[in-house]
Amino acid sequence: MTVTGSTSRPPDTQAASPEDTSSGLRPAVRLREVSKIYGSGATAVPALDRIDLEVGARELVCVVGASGCGKSTMLNLIAGLDRPTRGEVEVEGRAGLMFQEAALFPWLTVSRNVELALKLRKVPKAERRERVAQLLETVHLHDFGHKRPHELSGGMRQRVALARAFAQDADVLLMDEPFGALDAMTRDVLHDELETLWLSRELTILFVTHNVREAARLADRIVVLSSRPGQVTAVLDNPIGRPRRIESPEVGQLAADITARLRQEVRRHAQR
Ligand SMILES: Nc1ncnc2c1ncn2[C@@H]1O[C@H](COP(=O)(O)OP(=O)(O)OP(=O)(O)O)[C@@H](O)[C@H]1O
Ligand SMILES: [Mg+2]
C-alpha cells in the first residue's frame, strides 16, 4: 500500500466493466458466480445473483447499493456464517466481522469485551492484558477500560467494537455499515482511525455503506450493486490520493458519480 499526498487532480473515475472486478493484486477474497436464494418455492427470495468479485490483499473496498440488495448477505457468506446457493467463496486467511450495531456484551466492561476476542483466539492470559491496553490506546479509550457499554456514548461504543474487531487479528475485516448510526464528526474521526490502523497492518477490508461520501473517502475501489437480487453493476477505481478529506471537492465529485449510478440503477429497477 502506498500512501500518497493529497491530489488536486479531479477524479476521472474509471468505471471498469462489471466483468472486470479484479484489482490486479493477489486476491484475499474471491467470489465466483455467487448466488444466494433464501427459502424455496413460491416464497423464495433471491438476494444475490451471480456475483463475481475479487478483493486484493491490503485493499480497502467499499460496497454500496440500495437497502435490501444483499450487502449483508454477501458479508455473511464471506465470513462463512452462511453458504451460497450457487458459486464459490474463497478467503485467504481468517475473516473477521464488524456489525452495524456495536453488539457489545452489556455485562462486561470495555476491557473484557475486547479481551473476549483475544480469549476466543486462545491468546495467553499474560499477553491479553497488554494487547487490550494497546488496542484501547489505539482507539483513544485507554481511560475507559473499566466502564460498561451503557456508560459510553454511541461513538465510544463503536470504538470499542473497532478495537474488538482488530483484536480478532483477522486477515480480512468485513465491516457492515459500522459507522452508520454516528454523527458526521464522530464518523470523520473514526475514518481517520480506521485508515491509520489499516495502513499499519497486513489487512484487507471490505466495507459496506449507504453513505457514498464515506465510500469515496475510504475506498481504493467502490463496488456498486444493483437492486435485489444484487448484481455487480460497476466497479469504480478511486483516483483520489490519500490522505483524503470527506468534505473535499474531489470526494464530493466522486460521491456524486456514485450517486448517479445508484439512481440509474434504482430507475432501471423501477422499470422492470
Ligand atoms: N435469513 C434470511 N432469511 C430470509 N430472507 C433474508 C434473510 N436475510 C436476508 N434476507 C432477505 O434478503 C434480501 C437481502 O438482505 P440483506 O440483509 O443482505 O440486504 P442489505 O443490502 O444488507 O440491506 P440493508 O442495506 O437494508 O442492510 C432482503 O430482501 C432480505 O429480506
Ligand atoms: Mg445490511
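1. Which element supplies the largest share of the shell around ligand 1? The element is α1, with three residues. The model is a predicted one, so read each point below as a description of that prediction.

2. The shell can be listed by name. Ligand 1 is surrounded by Tyr38, Val45, Ala47, Gly65, Ser67, Gly68, Cys69, Gly70, Lys71, Ser72, Thr73 and Arg228. By type, these residues split into four nonpolar, six polar and two charged. Two elements, β3 (45–56) and α1 (71–79), each provide at least two of the shell residues.

3. Now α1 itself. Its buried residues are Lys71, Thr73, Met74, Leu75, Leu77 and Ile78. Lys71 and Thr73 also belong to the surroundings of ligand 1. After α1 comes Gly80, with a positive phi near 80°.

4. Next, a sheet. Three strands form an open sheet in the order β3-β2-β5, and the pairing is antiparallel. β3 and β5 (86–91) are its edge strands, each pairing on one side only. On average, neighbouring strands are turned by 20° against each other, direction ignored. As background, the strands of a sheet pair through backbone hydrogen bonds, in a parallel or an antiparallel way.

5. The pairings can be followed strand by strand. β2 and β3 run antiparallel and are joined by eight bridges. β2 (residues 27–38) also pairs with β5, again antiparallel, over five bridges. Leu31 stands opposite Leu53 in β3, and its bridge partner in β5 is Val89.

6. The turn from β2 to β3 deserves a glance. This hairpin has six residues between the strands, and Gly39 there takes a positive phi near 70°.

7. The largest nonpolar core has 73 residues. Which of them touch the most other members? They are Ile78, Leu206 and Ile258. Helix α4 (residues 154–167) gives the most to this core, seven residues. In general, nonpolar side chains tend to be buried together in soluble globular proteins.

8. Neighbours within four places in sequence aside, Leu206 is in contact with Val29, Val55, Val61, Val63, Leu75, Ile78, Val172 and Leu174. Leu75 and Ile78 are among the buried residues of α1.

9. One runs from Arg228 to Pro229, with omega near -5°. Pro229 sits in the loop between β9 (221–225) and β10 (232–237). Arg228 is also one of the residues around ligand 1. Another cis bond joins Arg242 and Pro243, with omega about 0°. Pro243 is in the loop between β10 and α7 (249–270).

10. Two residues other than glycine have a positive phi. For context, most residues other than glycine have a negative phi, and most peptide bonds are trans. His140 has a phi near 60° and lies in the loop between α3 (125–138) and α4. Glu177 has a phi near 45° and lies in the loop between β7 (172–176) and α5 (184–199).

Conventions. Residues numbered from 1 in each chain as written. Chains lettered and ligands numbered in written order. Near = placed C-beta within 6 Å. Helix = DSSP H or I, 4+ residues; strand = E, 2+ residues; numbered from the N terminus. Nonpolar A, V, L, I, M, F, W, Y, C, P; charged D, E, K, R; others polar. Buried ≥ 20, exposed ≤ 12 C-beta atoms within 10 Å, placed from the backbone. Pairing = 2+ DSSP bridges. Axes fitted to C-alpha atoms, helices over the stretch in contact; angles between N-to-C directions. Core = buried A, V, L, I, M, F, W, Y, C linked by C-beta atoms within 7 Å. Contact = placed C-beta atoms within 7 Å.
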